Structures are given as structure tokens and as C-alpha cells.
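Trainee: I would like to learn how to read a model like this one. Can we go through it feature by feature?

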Amino acid sequence: MQRFKSLTSLQQNRFSFPTLTRPFSANPSYAEDHDDPQQQILVEGRAKSRTAILNAPSSLNALTTSMVGRLKRLYDSWEENSNIGFVLMKGSGRAFCSGTDVVNLYHTLNEGKSEEAEQFFKTLYSFVYLQGTYLKPHVAILDGITMGCGGSIALPGMYRVVTDKTFFSHPEAQIGFHPDAGASYFLSHLPGYLGEYLAFTGDKLNGVEMIACRLATHYSLNARLPWLEERLGKLMTDDPSVVEASLAQYGDLVYPDRSSVLHKIDTIDKCFCHDTVEEIVEALEKEVAESYDQWCLATLTKIKEASPLSLKVILRSIREGRFETLDQCLVREYRISLRGTTKRVSSDFSEGVRARMVDKDFAPKWDPPTLKEVSDDMVDCYFSPLDEVESELVLPTALREPYI
């Protein structure tokens with residue numbers, strides 16, 4: 001219980017890790033998706049602020065290269081504009097952002113356009129780094145579904161508002177991929193070994209749980225968002241404390257209920273603290289045998305459905321993330337993403353997306369099919385420096401110092 005109480009301590013504005021739906025403008029349209037990135041990323045403004053709206057509701061605002069590219073251009077221009085005090089981001093429809101448009105990426109790779117996939121990751125990771133080093137106050141309203149890198153484009157920012165409609169997850173292991181776009185940075189700094197648990201299982205956190213483990217900074221009921229946004233829209237400031245005070249004014253004090261996974265933190269730490277995936281699985285199997293705990297059994301089932309290779313890559317990625325800055329995590333994740341999508345070692349990403357999102361037979365044929373058959377050399381390949389054909393990710397660390 002003492003461990004759990006510590007989770008609900010006062011959250012900090014920016015990660016302390018080693019650091020009406022009423023719109024602002026008059027009548028923007030959220031009715032349908034568009035191929036035009038200017039329609040997929042809408043802009044609303046007030047005298048002292050700008051809002052970027054992810055506007056592809058039919059795909060749950062899944063990100064494409066053009067969408068992320070427009071976001072980066074907008075954020076660059078807003079940071080340079082002295083008349084803009086702070087920036088907001090939100091989504092249209094029932095999602096904030098469901099992460100990467102992996103079906104689109106799947107088809108792109110199957111058409112042999114690996115350079116387009118490379119450009120997507122490069123654009124996305126560069127934007128995440130910009131977000132994590134942004135010089136102006138930033139407010140992300142994570143109302144609704146927030147999956148994968150959908151969290152990454154918001155979590156590095158200063159303020160993260162969640163609601164009673166928020167659900168956050170990292171389901172990448174179930175599609176043969178890995179939590180990327182900075183995920184190994186913030187997952188590795190969650191309490192205990194919660195990050196490993198979330199990455200292995202794809203389990204969801206609600207808004208209250210995100211507050212408790214400091215992924216979010218403020219909680220507001222969905223019904224109160226119109227007043228919250230109206231209040232923010234009237235601000236004429238670039239002072240973070242004034243923005244924070246306005247968010248707090250419409251915030252709610254909340255605690256996870258008894259069914260929350262956060263009440264399982266001791267068991268999570270006991271099982272997920274081990275150095276290998278095999279030891280983690282063995283610890284869960286032992287817990288199931290001794291306690292007949294249905295939660296442990298469900299956890300074990302989810303892990304056994306995931307890509308064995310992805311599990312081993314994910315564990316190493318998160319463990320390395322504990323000792324790295326955001327930019328270092330992004331550079332490493334970029335290597336992993338390219339190796340994972342170009343089928344140099346395995347076709348698990350393509351197979352996972354096919355099985356779960358294209359053909360939907362939910363029967364992926366993982367390669368290798370078991371943990372025992374995943375060699376150290378396979379895992380090492382994902383982390384090794386890229387060759388001349390695939391250039392490394394270069395971030396402007398000399399100009400934009402990463403937060404510690």
C-alpha cells in the first residue's frame with residue numbers, strides 16, 4: 001500500500017525522468033477525413049496561442065508522414081513567433097491519436113518503398129524531439145484513445161491533460177514491433193517495472209491511472225473540456241505558471257479504483273524485474289501456480305500471444321532507456337524501427353499487422369516462433385549502428401539540449 005500511495009504524489013509539469021468540445025475558431029469541420037495534410041491537421045488560433053487539431057477521425061487520427069511533417073513545420077514557426085505565448089494539441093472524434101498508421105506503412109513496405117518508411121520514422125522522431133525540447137508551454141489534451149506513438153507526440157511536452165474518456169496503451173508487441181518514438185524513455189521511468197508490463201502486454205491505462213504514475217499532469221472530466229479550452233483561449237501569456245493555474249482551475253482530484261492495475265505494482269515488480277524474458281515468463285507461471293491469480297494468468301496469456309523476438313527487443317530497449325536521454329532513446333529506437341520493418345532479421349512486423357489489422361485472422365506466424373529460438377545475435381542486430389545505406393537519425397542536440 002505504501003508503494004501505491006507514492007504513485008499518487010504530486011506530479012511534476014515536465015517529466016522528471018532523468019527530467020463542447022468547443023473549438024477556438026468559429027466553425028471548423030471535423031466531419032470527414034481528407035488526404036490533404038492541411039485538412040488532417042487543422043489550426044485554430046487566438047491572440048496569444050495556437051492549437052493543432054489531429055483531424056483524421058475515421059482512422060482514429062493515426063499518423064502519416066504528411067501529418068507529422070505539417071505538425072513539425074507548424075511547431076517550428078510557432079516557436080519562432082514572439083506573438084505566440086503557448087501551444088495546444090488535441091484530436092477530433094473519439095481519439096486523441098491511435099499512433100502510426102501501420103496499415104498504410106504495411107502496404108508501403110510491401111510495395112518495396114522502404115525509403116518512404118524511413119522518411120516517416122525520421123520525420124516522426126524529429127518532431128518528438130522538438131516536442132521534448134520545446135521552448136514554449138505546451139498543452140496536450142489526450143481525450144479518448146491514445147495508443148503507441150500517439151502518446152509520444154504529446155507526453156514529452158509540458159502539460160498533459162487526460163479525461164474520463166482517455167485510454168492509453170502500447171500494443172506494439174502484439175504486432176511484432178516495439179514501443180518507439182521516445183516510448184523507451186518514458187516507459188522506462190514509470191514506477192518500478194510498470195513500463196515493461198505495459199509494453200509486454202499492451203494493457204491499457206485510463207486517465208486516472210496516467211495521473212497516478214505521472215504520465216499526465218492534469219485530469220478533467222470530458223464534460224468540462226469546453227470550459228477548460230475557453231479559459232485557455234482567453235489567456236494572454238507565455239508564463240507556464242499561468243497556464244498551469246488555468247489547467248488546475250478545471251482539474252479534478254482523482255485516485256485509481258480498486259480494480260486498477262496499479263494495485264498490482266508489487267506483483268508486477270516481483271515478476272518483471274528479471275533480466276530476461278524467459279525469467280519473467282517463469283516468474284509469472286510460478287505466480288499463477290501458487291496463487292491461481294486470474295490477473296497473472298491473463299498477463300501470461302497476452303505475453304505468449306506476442307512476438308517472441310519483439311519481447312526480447314523491447315526488454316533490452318526499455319532497460320537501456322533507463323540510463324539515456326530522450327535523444328539517445330530516439331536514435332536507438334530509429335535503428336530498431338528500420339531493422340524491424342525492412343525484414344533484415346524477421347518479418348514479424350509485416351506478419352503482425354497482416355494478422356491483426358489486415359486479414360484479421362488473429363493468428364500471426366511469428367519468426368522465430370518461440371523465445372528459445374530467438375538468438376542474442378538477432379537481438380543485437382536491432383541495436384547495431386546502421387550501415388551506409390540506412391543513415392543514422394541525426395537530431396539537433398547542439399541547438400536543442402535534451403531535458404535530463
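Trainee: How many helices and strands does the chain have?

Mentor: The chain has 18 helices and 10 strands. Helices (H or I, at least four residues) and strands (E, at least two) are DSSP runs, numbered from the N terminus. This is a predicted model: local features need pLDDT of at least 70, side-chain atom pairs count only at pLDDT 80 or more, and totals for chains, interfaces and linings use all residues. Residues are numbered from 1 along each chain as its sequence is written, and side-chain values use heavy atoms, with hydrogens and water left out.

Trainee: What percentage of the residues count as buried?

Mentor: Start with the cut-offs. Buried means under 20% relative accessible area, exposed over 50%, partly exposed in between (1.4 Å probe, protein chains only). Of the 404 residues of the chain, 58% count as buried. The chain exposes about 16,800 Å². Carbon and sulfur atoms supply 51% of that area. Accessible areas come from the Shrake-Rupley method with a 1.4 Å probe; for residues, only the protein chains shown count as cover.

Trainee: Which residues have the most contacts inside the largest nonpolar core?

Mentor: The general idea first. In soluble globular proteins, nonpolar side chains tend to be buried together. A nonpolar core is a set of buried Ala, Val, Leu, Ile, Met, Phe, Trp, Tyr and Cys residues joined through side-chain atoms within 4.5 Å. Here the largest one has 93 residues, and Tyr 75, Leu 124 and Ile 153 have the most contacts inside it. Its largest share, 9 residues, comes from helix α5 (residues 114–132). A second, separate core has 14 residues, including Phe 86, Met 158, Tyr 159 and Tyr 250.

Trainee: What does Leu 124 touch?

Mentor: Contact means heavy atoms within 4.5 Å. Not counting residues up to four places away in sequence, Leu 124 touches Leu 63, Val 68, Thr 100, Cys 149, Ile 153 and Ala 181.

Trainee: Where is Tyr 75?

Mentor: Tyr 75 sits in helix α3. Its relative accessible area is 0%, so Tyr 75 is buried. Leaving aside neighbours within four places in sequence, its contacts include Ala 52, Val 87, Leu 88, Phe 127 and His 138. Take Phe 127: it lies 52 residues from Tyr 75 along the chain, yet their C-alpha atoms are separated by 8.7 Å.

Trainee: How many residues does helix α3 have, and what does it reach from first C-alpha to last?

Mentor: Helix α3 (residues 65–80) has 16 residues and reaches 23 Å, close to the 22 Å expected at 1.5 Å a residue. The expected span is 1.5 Å times one less than the number of residues. Among the buried residues of α3 are Met 67, Val 68, Leu 71, Leu 74 and Trp 78.

Trainee: What is the strand order in the open sheet of 6 strands?

Mentor: Strands of a sheet pair through backbone hydrogen bonds, either parallel or antiparallel. Two strands count as paired if DSSP finds at least two bridges between them. The order here is β1-β2-β3-β5-β7-β10, with mixed pairing. The edge strands are β1 (41–46) and β10 (218–219), each pairing on one side only. Helix α3 packs on this sheet, touching β1, β2, β3 and β5.

Trainee: Which strands does β5 pair with?

Mentor: Strand β3 (residues 86–91) pairs with β5 in the parallel sense over 3 bridges. Val 87 stands opposite His 138 there. Strand β7 (residues 159–162) also runs parallel to β5, joined by 4 bridges. In that pair, Ala 140 stands opposite Arg 160.

Trainee: Which residues of β5 lie on each side?

Mentor: In a regular strand the side chains alternate between the two faces of the sheet. In β5, His 138, Ala 140 and Leu 142 are on one side, and Val 139 and Ile 141 on the other. Both faces are covered. In strand β5 (residues 138–142), 5 of 5 residues are buried.

Trainee: Why is helix α17 described as largely enclosed?

Mentor: Because 9 of the 11 residues of α17 (residues 348–358) are buried. What covers them includes α4 (102–110), α14 (294–305), α15 (308–321) and α16 (326–341). After α17 comes Lys 360, whose phi is positive, near 60°.

Note on methods: Axes fitted to C-alpha atoms, helices over the stretch in contact; angles between N-to-C directions.
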